[in-house]
Amino acid sequence: MNKKYTYVWVSLIVLIFGIIVIPRIVNRLSDGSVVENDRLNTSSEIENEKLGYILLNGKRRRVPSFQFINQDSIQVSDKEYLGKVYVVDFFFTRCPSICPVMTTNLVNIQKHFENEEDFAIASFSITPKFDTPEVLREYQEKYNIQEGNWNLMTGDQEAIYDLANAGFNIFAAEMPDAPGGFEHSGLFALVDKEGYLRSRIDEFGNPIVYYRGAILEEKGTNDHGETEEIGILKADIKKLLEE
């Protein structure tokens, strides 16, 4: 007898749900509000989320010490960047493939934060024997790079390669068969005011570590279906500036 009443109540609840709730869900689906609200909630959560630290052996990873010469023949070290949020890349002026895109993206970012005193960019040449301060100055003028907060650096090649491969884990190597004779990744690293490597967290709770720099923001995707990350890099720079 008790089972009979239980079945009746369950049936009644299901019936009420079908009459009241389902039509509302159908209406929301038809006007797109379910999808829109889900998207907005997700975006809001991402925007409010703090950036993660890049860890090495369980410890927060800092930018290694460095000291090189910039396009004005001035010595620049990692200490010059303390107190600033900055983006790091490795490039070379004769690069015929991804470097022009990377530099164009960085010019875009520089203009976006032109009024931020605590923002900077650090670019290291992987062909320092050719990329003298004079050549780097010409490169700066060619791409209309603004003065002040962007150092194009050259120096000892072994030290630069060690900084790229061991310091940042951003691949750079001399490869005769590669375009321009050198191979390097098109990635950007993001550094906070205290010199720690930072990035946003992916859907699995892990830091993405680096940002794709070789896809134009305006293009959206490349031929391999990879999405540009300049937009999210700008958002993450802003977060660190506000910390």
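In which strand is A122 found? A122 is found in strand β7, where strands (E, at least two residues) and helices (H or I, at least four) are DSSP runs numbered from the N terminus. This is a predicted model, in which local features need pLDDT of at least 70, side-chain atom pairs count only at pLDDT 80 or more, and totals for chains, interfaces and linings use all residues. Residues are numbered from 1 along each chain as its sequence is written, and side-chain values use heavy atoms, with hydrogens and water left out.

**The chain as a whole**
- The chain has six helices and 13 strands.
- Of its 243 residues, 40% count as buried, meaning under 20% relative accessible area with a 1.4 Å probe and protein chains only, while exposed means over 50% and partly exposed lies in between.
- Residues 24 or more positions apart account for 70% of the contacts in the chain with a separation of 6 or more, a contact being heavy atoms within 4.5 Å.

- A122 counts as buried because its relative accessibility is 0%.
- Although A122 and V88 are 34 residues apart in sequence, they are 4.9 Å apart in space, C-alpha to C-alpha.
- Leaving aside residues up to four places away in sequence, A122 touches Y81, Y86, V87, V88, D89, N151 and M153.

**The largest nonpolar core**
- The largest nonpolar core has 53 residues, and those with the most contacts inside it are F90, F124, F168 and I237; such a core is a set of buried Ala, Val, Leu, Ile, Met, Phe, Trp, Tyr and Cys residues joined through side-chain atoms within 4.5 Å.
- Among the elements that each supply at least two residues of this core are β6 (85-91), β7, α5 (157-168) and α6 (230-242), and the largest share, six residues, comes from β6.
- F168 touches R61, V63, V88, F90, L163, A189, V191, L197 and Y210, not counting residues up to four places away in sequence.

**The largest pocket**
- The largest pocket is lined by 16 residues, of which K84, A120, G148, N149 and W150 lie nearest its centre.
- A pocket is an open set of points on a 1 Å grid over the protein atoms alone, where a 1.4 Å probe fits, with protein on both sides within 12 Å along at least five of seven lines, and lining residues have an atom within 4 Å of a point.
- Strands β7 (119-125) and β8 (150-153) each supply at least two residues of this lining.
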